Amino acid sequence: LRSFYYPLILQRPWLSVYFFSILLVVSMGLLNLVTACLVENAMDNAAITAEEERSMLKQKVRGALPSLIDIFQELDSDGSGLLTHQEVDNVPLEILPPRVLDSVYVDSMRDIFDLLDVHECG
């Protein structure tokens with residue numbers, strides 16, 4: 001490669017700017033390709049990790065589902081079969097099974113209510 005561009009630069013020194021700019025553009029392009037591959041792999045790994053965490057959380061909740069159903073039926077003070085914000089506002093988190101508390105990071109029963117409220121109707 002040197003045998004190609006070195007004699008040209010000796011005859012016409014202004015071509016050094018041309019070859020230098022080509023070298024710069026090609027190296028930056030390759031660097032961008034490498035960076036894109038690394039970022040794509042990191043994003044894929046993050047998505048896989050998030051999916052694994054979601055499936056582990058589902059398994060924990062499924063395992064605790066019978067006890068959660070019993071707890072929610074006890075909290076249903078009006079017997080309507082539905083829980084409201086008022087029914088869970090003053091309930092301590094300690095009534096939940098430990099496997100649920102280990103997998104969900106919440107501060108109150110209201111947070112759990114909002115997390116499990118699939119219809120978002122309160």
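Tyrosine 5 is partly exposed, with a relative accessible area of 30%. That value falls between the limits of 20% for buried and 50% for exposed. The model described here is predicted.

Phenylalanine 19 has a relative accessibility of 19%, so this residue counts as buried. The rings of tyrosine 5 and phenylalanine 19 pair up, with centres 5.7 Å apart. Their planes meet at 45°, so the pair is tilted. Tyrosine 5 sits in helix α1 and phenylalanine 19 in helix α2, so the pair ties together parts that are 14 residues apart in sequence.

## The aromatic cluster

How many aromatic pairs does a search of the whole structure find? The search gives 3. In one of them, the rings of phenylalanine 4 and phenylalanine 19 have centres 6.4 Å apart. Their planes stand at 75°, so this pair is edge-to-face. An angle over 60 degrees is what puts a pair in that class.

This pair, too, links distant parts of the chain. Phenylalanine 4 belongs to helix α1, residues 2–11. Phenylalanine 19 belongs to helix α2, residues 15–75. Is phenylalanine 4 buried or exposed? Its relative accessibility is 54%, so phenylalanine 4 counts as exposed. Ring pairs join Phe4, Tyr5, Tyr18 and Phe19 into a cluster.

Valine 26 has its place in helix α2. At 49% relative accessibility, valine 26 counts as partly exposed. The limit for exposed is over 50%.

## The largest nonpolar core

The largest nonpolar core has 15 residues. Which of them touch the most other members? They are Leu75, Val88, Leu93, Leu96, Met109 and Ile112. Helix α2 and helix α5 (109–116) each supply at least two residues of this core. Helix α2 gives the most, with 4 residues.

Leucine 75 is one of the core residues named above. Setting aside neighbours within four places in sequence, leucine 75 is in contact with Leu83, Glu87, Val88, Val91, Ile95 and Met109.

## Valine 88

Valine 88 lies in helix α3, residues 85–88. Its relative accessibility is 1%, so valine 88 counts as buried.

What does valine 88 touch, not counting residues up to four places away in sequence? Its contacts are Leu75, Leu83, Met109, Arg110 and Phe113. Leu75 and Met109 are also listed with Val88 among the core residues that touch the most other members. Valine 88 and aspartate 114 are 26 residues apart in sequence. In space, their C-alpha atoms are 11 Å apart.

## Proline 98

Proline 98 is found in helix α4, residues 98–103. At 61% relative accessibility, proline 98 counts as exposed. Proline 98 and glutamate 40 are 58 residues apart in sequence. From C-alpha to C-alpha, the two are 37 Å apart in space.

Notes:
Residues numbered from 1 in each chain as written. Predicted model: local features only at pLDDT ≥ 70, side-chain atom pairs only at ≥ 80, totals over all residues. Heavy atoms only, no water. Phe/Tyr/Trp six-rings, centres within 6.5 Å; stacked < 30°, edge-to-face > 60°. Buried < 20%, exposed > 50% of the residue type's maximum accessible area, 1.4 Å probe, protein only. Core = buried A, V, L, I, M, F, W, Y, C linked by side-chain atoms within 4.5 Å. Contact = heavy atoms within 4.5 Å.
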